[in-house]
Structures are given as C-alpha cells and as structure tokens.
Amino acid sequence: MRAKNSLYLFTVPALIVLAVFFVYPIYLTFDMSLTNFKGIGEAKDVGWRNYERIFTRSRYVDAVKITLIYTVLVVVLQNISALFFAAILHRMPLIRNFSRAALYTPAMMSFVVIGYVWQFLYSPINGGINVALRDLGLESFALNWLGDPNLALFAVAFVQIWMFTGFTAAIYLAGFAGLPSELEEAAILEGASSWQRFRYIEIPLLRPSITVAVMLTTIGTLRTFELPFILTRGGPDGATRVLSIEIIDNLFGQYKFGFASALSIVMLVLVLTVAFIQNKVLRDAEKVT
Amino acid sequence: MQILKQLKLTTVAALALTTATIASAETIVLDVVAWKGNEAQPAGFPELLAKFEAENPDIDVELTYVARKDVDKLIPPRLQAGTPPDVTMVDPSLNKLWGDAGFLQDLGQDSEWYGNLKDSVKSILARGDEINIMPLEVIGMGNFVNMGILREHGIENPPLTLDEVVAVCKALEGTDINPMIFAGGFPAMLWVGANGMAVDGPARGEYSTGERKFVDDELFNASLNSVRTLVDEGCFDPKLQAGLDPWSTALEEFKSGRSAMLPQGAWNIGQFSRVEGLDFVFAPMPSVNSEVGMALDLVGPGWAIPRDSSQPEAAAKFIEFFTKEENLSVFLDAEGAYSPFVDAADVMPELAASYGAAREQDSLILWPFSTLEFSKTLQREWEESLTGFLLNLDEDNAETLQRWDDTVEDDL
C-alpha cells in the first residue's frame, strides 16, 4: 500500500509542470475571455458577451467551418500521399534513405520562406505556375490560385500538404520498418500481389502508425496559422480565414485580447473534441484488427 | 630610469581609467525603442543620433529596433511592469491605447512645438488637455505612375481624374503592359476612399457614429461605380487582381516595370527609387471629386515618453531635438514624408511634385483609418468586402456598403 502511494509521489513533478504550464494558462485565458481586456490597463468584466458574439456572428462560425474543411482536406490528402510514398519507399530499399531525406526537406524549412516562395509561384500575373502552364500551351489551366475564393483554400492546403508529406511519410516508414518480415514473405510465397499485400497485410498492421499520423496531422492543422496568413492573410474575402488568423487579428490587429481569448477557448474545445473523437474511433479500429 | 618610466605609465593609465569611470558614471543611457532605424529603413537615425549625442555628450542613446507588429507584444509588458523604455515610438492607435491606460507622460500642450503643430494633427492626437505623442511625420498615400510607360504612349502627365486614368488604360490597350495594379486590399481601399470622400463632403465621424449610412451615401456608391468603369475600360482584370498581395506581389509587379499604375503609400518611394531604370512619379489618387487628384495623408508615428521612464529629462531633450526643423527634415527626407508642423520646409523629392501640388490646393484628406475616425474593424471589413466586390462586380453596391454599416453598428 505504502509502495503504491509512493509511486503516485513520482507523478507530482509532472503534475506540477502540467498545472503551471498548461492548466493555469488555460484558466487565465478563460478568465480573460470574460473581460474586454485590451492588452494593457484595466480589464472590465463583460460576462459571456464575447462568447455570445462568437456564436451569433456568421463571421466566426464561418471561420470554424473553414478551419474544419481545411483540416479534413489536409489530413486526408496528406496521409494518403504520405502512405503512398512510404509504401513505395518500403519497396525500394536502395533509394529509401535518400528519398526520405528529400521528402522531409520542406518540413525543415521556414514557413515564411515557403509561404513567400509559393506566393510568387501562385501569382496570377507573372507567377511561376501560370507562366509554366502558358508556355506548355495549357493557358486554360492558368488560374488565379490565391485570388479565387473557390480555389484559394485548396491552393493553401496544397502547400501545407507538400510541406509536411515527408514528415508524415517518415512516421509511416517507421511503421513499415516494424512490420514482421515473415508475414510479408509468406504472402509473397502465397503469390499475393504488391497491392494485395498493401491492402490486406500492411494497412491493418499499420493501424497504430495511422493513428499517430492522423492525430498529429489533425491537431497541427486545426491550429494552423502560418501558411494561410502568409499566402492570403485569410482572403480573398475571408475564404481562407481559419480560426487562428481570426485570433491573431483580434489580438494584435484590433487589441481585443478578451475576445481573442474567447476565440482561443473555442479553438481549444474544438481541438480537444476532434482529437478525442478521432482517438476513440482510431483506437477502436485498431482493436477490431 | 626604467622604474621611473613604468611609474609614469602606471600613473597615466590610472588617471585615464579614473577619468573614464567618472565620465561613464555621468553618462546617461537613454533606452529608445522604434520600428524605424534598422538597415532596411534607416530613416536618417544614424546621422540624427550621432548629432544628438554630439550635442548632448552626457547622453548615450541606445536605439532598439522592434518591428511594428512586435511592439504590441514586447512593450505592454514593460509598461505594466514599470520598466519601460525611456522613449518609445507610438502611432495614433498606440497613443490612444496606451495613453488611455495612463502609461504615457503628458508632454504638455503649452510647449512651443505643440503650438506649431497643424490643427488637423492636433485634433487627432491630443487627448483632452494632454498630448502624449510628438508626431514625426505625415505621410502621403497616392498613385505610383510609371512615367516611362506613359511617355512611350504619348502621355506626359500622371492621371489625376477618373477620365485621365481611363485615357491611360485606352492608350495601353493591346500592349503587354498591365495598366493598373488594383489588388483587393489596400490599393482598392485607396481608390474607393479617394473617390468616396470629398474635401467638402460629409465629416468622416458621421459614418462612424452611424449618423450617416454608407449604404445610402451617394459618394461611396459613385466610388464603387467608378471601379466598375475602370474594369469596363480595361484598366485591370478584377478576378485576376482581387487576391493579389498588395504588400509583396503588387510591389514587385510595379518594380518589374510591367505595370503602369499602383495605388500605394509614399513609404515605397525609397525602394522604388533604388530600382534601376524605373522612371516613376508619386501622384495623388485620381478622383472624381477633384480635378487635381486627391492627396490622402496618413498621420505617422511619433515619440512618446512612458510614464515610468527612468530618464524623463534626457527623454524630453531627445524629443525636443526632433522638434527642430533641421533635425526633423533629415528624418522626413529619408522617409519621403511631410512635416506635421506648420510652415515647415517641404523635403519631398521632385517626383512627388503633383502630390504636393494637390496638398497645396487643399485637395487633401486625412486618411480616416489613421485618425481613428474609422475603426480598425471597419478597416478590416473594407479590405475584405472590397475584395469580395472585385470578385463579383455584378452584385449591388448595397451588398458591400451594408457590410460597412453593420461593422459600424457592431462597433457601437
């Protein structure tokens, strides 16, 4: 009994760190979200007015919707492409290490550099992509990538997918490395094709890696800020205005620290809810297999 | 002999050390924070600070560059902790925010420099019977015109009215030159502002109090219609340019020499001037409300002394230094800006002559977003809704203007 209690004592340092650096800041943010604090001076209590404003203005509800759409796009496409590259590289051991490093390179670069490079590539007037398309005689495919509200979110999502596919592929490659080789050898002996091995052996065995990759991508994308901010600043006309841009805009553009705190709490609840549901679904799927 | 020489040297060294110690004990270190004065935007500070230190040998200025966007994060904690810089750069919005919170010292409306401030600037910056900021500049926003392109097509002067802009667009029709950069955010705002506001028009405050509605306003309706005219006359492709970044891509486009006009701020004069072969002028915004174009002035930053400054006297000397015309003009010359003081010399380059002429003829409006007559939320709504407007010009003006009224109502 005493030994059991002393085991709990070992968790105290971790709990203190959690309480000081996570729980307390969240409490402070929530407390600030009930005020009209402007970042300086006295804060006046405004009750739930900030939250009422968030849920009664289409602007903020739209920002939540855009954040969710963007997240679904990035998570699905990034994981599919990462899994594709990982599966290919798993079958090509000779070029695996080099290709993994090459794929990972964009994730090591600064968001600012990547954002500005892609902004110029996407530029509608003399941007690299449109110029290349015109030179190839594909004029009709030269589009206003970041200026068309129907296209901008996809264009921004593409950059994020391009940037982090290598990172997610590295997670899947680690998963592939842990697969029991005898299973694959047996499947080859049984005459299973590459696709059949991927579909019926590798995918089920990769479930834990899929859980990790999908969870990390989802949480990272829900909180995303840099690329939409640099590429479009939330435009055109709010088409790429994710929740984090709205928070920063209210915080440092409008000096509405109280309101931005309320938005942050909404975002936290959103991330926790999505992560919880996703974790439950993915873990259940792991048990089934 | 050797011992004597060593003794002499030791004495001299000791004396020098003592003198240096006394001197350093008397030297005041003035902590100054500004978002100008770095390598990219020196603003004449190296020269000015050297001069200030020469005139005040007991003061050593330590200038810290902090980007404007970082000022919001770095300075408030210092103000609240009671350890602020001795002098800090502020703009009208920070003047109001920090001044209202009581963190800025009153510089005194009885000072000589305050008496010399232009009335329009005074009315914006004074807070009751206090003044917390010594403004450094009033900077213009207008139309950059590539005169090299225009002259090639037989046009000798920058366009100042809607008709003249249309004439430029017609002259460039069928060439590979883009007549106008009209990005959805800032450039579109400048056009709509210059054509929606008139010198003798309604006071801007009437809109921001909700007393006057944008949606019913003839001037702003006409202004949006003027954008349609530009599109109809082939000045720009709205769908192509709506999402163009006005702060990077648009500037690069103009610098490339492939575009004839770009509405932007005079702070770009420096970087455009460094582009070899770019023959341009800075003109007032073409407007349907003026024959000489509309100068849009923005009240720029100034100096303030935080309440808890540890060196208030040295800080006051520093501010006083910048109120002298010979010093301020160095800053203004580097900035491409006008003085906020009456009867001050115009140090703007010749390429801004037509902008200056519009100002002299009182075809001038103080940009209401810089005077805080229009709120920051309204500015955001203008930027976004004008992008939406460019993407769907068939939509009724009311769709755009009503959004501005809704924002004003929300602010109230």
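Is Arg233(A) exposed, partly exposed or buried? Select this residue to begin the tour, bearing in mind that the model is predicted. Arg233(A) has 19 other C-beta atoms within 10 Å and is therefore partly exposed; a residue counts as buried if that number is 20 or more. Arg233(A) sits in the loop that links α12 (226-231) to α13 of chain A. Its phi is near 55°, which is a positive value in a residue other than glycine. Most residues other than glycine have a negative phi.

**Along helix α13 of chain A**

Next, select residues 243-253 of chain A, which form helix α13. Buried residues in this helix are Leu243(A), Ser244(A), Ile245(A), Glu246(A), Ile247(A), Asp249(A) and Asn250(A).

**Chain A as a whole**

The C-alpha trace of chain A spans about 75 × 75 × 30 Å along its principal axes. Chain A has 289 residues, of which 36% count as buried. Among the contacts in chain A with a separation of 6 or more, 71% are between residues 24 or more positions apart.

Turn to chain B, which holds 19 helices and eleven strands. Along the principal axes, the C-alpha trace of chain B spans about 95 × 50 × 35 Å. Of the 412 residues in chain B, 46% are buried. Residues 24 or more positions apart supply 78% of the contacts in chain B with a separation of 6 or more.

Colour the two domains of chain B separately: domain 1 covers 2-135 + 301-335, and domain 2 covers 139-298 + 354-411. Their C-alpha centres lie 36 Å apart. Where the domains touch, six residues of domain 1 of chain B are in contact with six residues of domain 2 of chain B. On the domain 1 side, the elements that give two or more residues are α4 (92-100) and α6 (119-125) of chain B. Helix α4(B) provides the largest share of that side, three residues.

**A strand residue in chain B**

Select Thr88(B), which belongs to strand β3 (residues 87-90) of chain B. Thr88(B) counts as buried because 29 C-beta neighbours lie inside 10 Å. Apart from neighbours within four places in sequence, the contacts of Thr88(B) are Val33(B), Ile75(B), Ala304(B) and Pro306(B).

**The largest nonpolar core**

The next stop takes in residues from both chains. The largest nonpolar core has 170 residues. Those with the most contacts inside this core are Ala86(A), Tyr172(A) and Leu263(A), together with Met180(B), Ile181(B), Phe282(B) and Leu296(B). Highlight helix α8 (residues 149-177) of chain A, which contributes the largest share of the core, 15 residues. Domain 1 (2-135 + 301-335) and domain 2 (139-298 + 354-411) of chain B both contribute residues, so the core lies between these domains.

Centre the view on Leu296(B). Beyond its neighbours within four places in sequence, Leu296(B) is in contact with Gly140(B), Met141(B), Gly142(B), Leu190(B), Gly193(B), Ala194(B), Met285(B), Ile365(B) and Trp367(B).

**Towards the last two stops**

Select Leu372(B), in the loop between β11 (364-366) and α18 of chain B. Leu372(B) is not a glycine, yet its phi is positive, about 70°. Because Leu372(B) has 16 other C-beta atoms within 10 Å, it is partly exposed.

Finally, show helix α18 (residues 376-391) and helix α19 (residues 397-411) of chain B together. How do they pack? Their axes are 9 Å apart and meet at an angle of about 165°, which means that α18(B) is roughly antiparallel to α19(B). The crossing of α18(B) and α19(B) is right-handed. From α18(B), the contact is made by Thr377(B), Leu378(B), Glu381(B), Trp382(B), Ser385(B), Gly388(B) and Phe389(B). From α19(B), the contributing residues are Thr400(B), Arg403(B), Trp404(B), Thr407(B), Val408(B) and Asp411(B).

Technical notes:
Residues are numbered from 1 along each chain as its sequence is written. Chains are lettered from A and ligands numbered from 1 in the order in which they are written. This is a predicted model: local features need pLDDT of at least 70, side-chain atom pairs count only at pLDDT 80 or more; totals for chains, interfaces and linings use all residues. A nonpolar core is a set of buried Ala, Val, Leu, Ile, Met, Phe, Trp, Tyr and Cys residues joined through C-beta atoms within 7 Å. A residue is buried if 20 or more other C-beta atoms lie within 10 Å of its own, exposed if 12 or fewer, and partly exposed in between; C-beta atoms are placed from the backbone. Helices (H or I, at least four residues) and strands (E, at least two) are DSSP runs, numbered from the N terminus. Domain bounds come from an automatic or database domain assignment. Two residues are in contact if their C-beta atoms, placed from the backbone, lie within 7 Å. Axes are lines fitted to C-alpha atoms, for helices over the stretch in contact, and angles run from 0 to 180 degrees between N-to-C directions. Angles under 35 degrees count as roughly parallel, over 145 as roughly antiparallel, 65 to 115 as roughly perpendicular and the rest as oblique. A crossing is left-handed if the near helix is turned anticlockwise from the far one by less than a right angle, and right-handed if clockwise.
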